Amino acid sequence: MAAKAGDIVDTAVEAGQFKTLVAAVEAAELVETLKGDGPFTVFAPTDEAFAKLPEGTVEDLLKPENKDKLVAILTYHVVPGKIMSGDIAGKTAEVETVQGAKLAVDAMDGVKVDSAQVITADIETSNGVIHVIDTVVIPK
């Protein structure tokens with residue numbers, strides 16, 4: 001019998017490459033949401049992606065007074081529903097995020113979301129799917 005996949009948060013924690021993302025999700029009080037029923041599609045920036053932001057950005061976003069901005073950025077990485085790479089291969093689309101803005105998805109040659117490249121796709125979880133991205137995408 002196969003082990004049951006963990007939820008999005010547990011899967012991100014276990015992967016070990018999303019420490020900054022997990023800390024941000026906790027600071028934004030989104031853990032409960034991302035452990036919810038979903039399904040959700042999460043474009044998850046790696047720790048290296050967060051490290052590419054200007055120095056001090058992450059520390060600044062993690063401050064309690066910047067929680068609204070942090071929530072906006074994090075929810076811009078989440079799309080309602082479960083979108084697997086095969087669902088969008090060879091297509092371009094604008095998908096509405098939980099944050100409310102649209103994320104540009106280009107799956108014509110690999111997959112890009114806004115300016116980020118998907119480096120690992122289709123990590124299935126019990127409440128959705130994670131696609132690993134190499135850049136933090138910021139709502140316009």
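**Fold, cores and enclosed space in a predicted model**

Asp87 is located in helix H7, which spans residues 85-88; helices (H or I, at least four residues) and strands (E, at least two) are DSSP runs numbered from the N terminus. The model is a predicted one, in which local features need pLDDT of at least 70 and side-chain atom pairs count only at pLDDT 80 or more, whereas totals for chains, interfaces and linings use all residues. Residues are numbered from 1 along each chain as its sequence is written, and side-chain values use heavy atoms, with hydrogens and water left out. Asp87 counts as partly exposed because its relative accessibility is 42%, where buried denotes under 20% relative accessible area, exposed over 50%, and partly exposed the range in between (1.4 Å probe, protein chains only). Its C-alpha atom is separated by 22 Å from that of Thr135, 48 residues apart along the chain.

The strands include an open sheet of seven, ordered S2-S1-S7-S6-S5-S4-S3 with mixed pairing; two strands pair if DSSP finds at least two bridges between them. S2 and strand S3 (92-96) stand at the edges with a single partner strand each, so one side of each is left without a neighbour in the sheet. Strand S5 (residues 112-113) pairs with strand S6 (residues 116-125) in the antiparallel sense over two bridges, and Val113 has Ala116 as its bridge partner in S6. Helix H1 (residues 8-15) lies across strand S1 (40-45), S6 and strand S7 (128-133), and runs at about 35° to S7. Axes here are lines fitted to C-alpha atoms, for helices over the stretch in contact, with angles from 0 to 180 degrees between N-to-C directions.

In helix H6 (residues 67-75), the buried residues are Leu70, Ile73, Leu74 and Thr75. Their cover includes helix H2 (19-27), helix H5 (57-61) and strand S2 (78-80). A nonpolar core is a set of buried Ala, Val, Leu, Ile, Met, Phe, Trp, Tyr and Cys residues joined through side-chain atoms within 4.5 Å. The largest such core has 26 residues, of which Phe18, Leu21, Leu34, Val42 and Leu74 touch the most other members. At least two residues of this core are supplied by each of H1, H2, S1, helix H4 (47-51), H5, H6 and S7, and the largest share, four residues, comes from H2. Leu74 touches Leu21, Ala24, Val25, Ala28 and Leu30, residues up to four places away in sequence not being counted; contact means heavy atoms within 4.5 Å. Another core, of 14 residues, lies apart from the largest one and has Tyr76, Leu103, Val105 and Ala116 among its members.

Grid points are joined across faces, edges and corners, and a volume is the space filled by probe spheres set on the points. The largest cavity, with a volume of about 30 Å³, is lined by Ala24, Phe50, Leu53, Val58, Leu61, Leu62 and Leu70. The largest pocket has a volume of about 190 Å³; among its 18 lining residues, Ile8, Val25, Leu34, Val42 and Val78 lie nearest its centre.

Note on methods: On a 1 Å grid over the protein atoms alone, a cavity is a set of points where a 1.4 Å probe fits but cannot get out, and a pocket is an open set with protein on both sides within 12 Å along at least five of seven lines; lining residues have an atom within 4 Å of a point.
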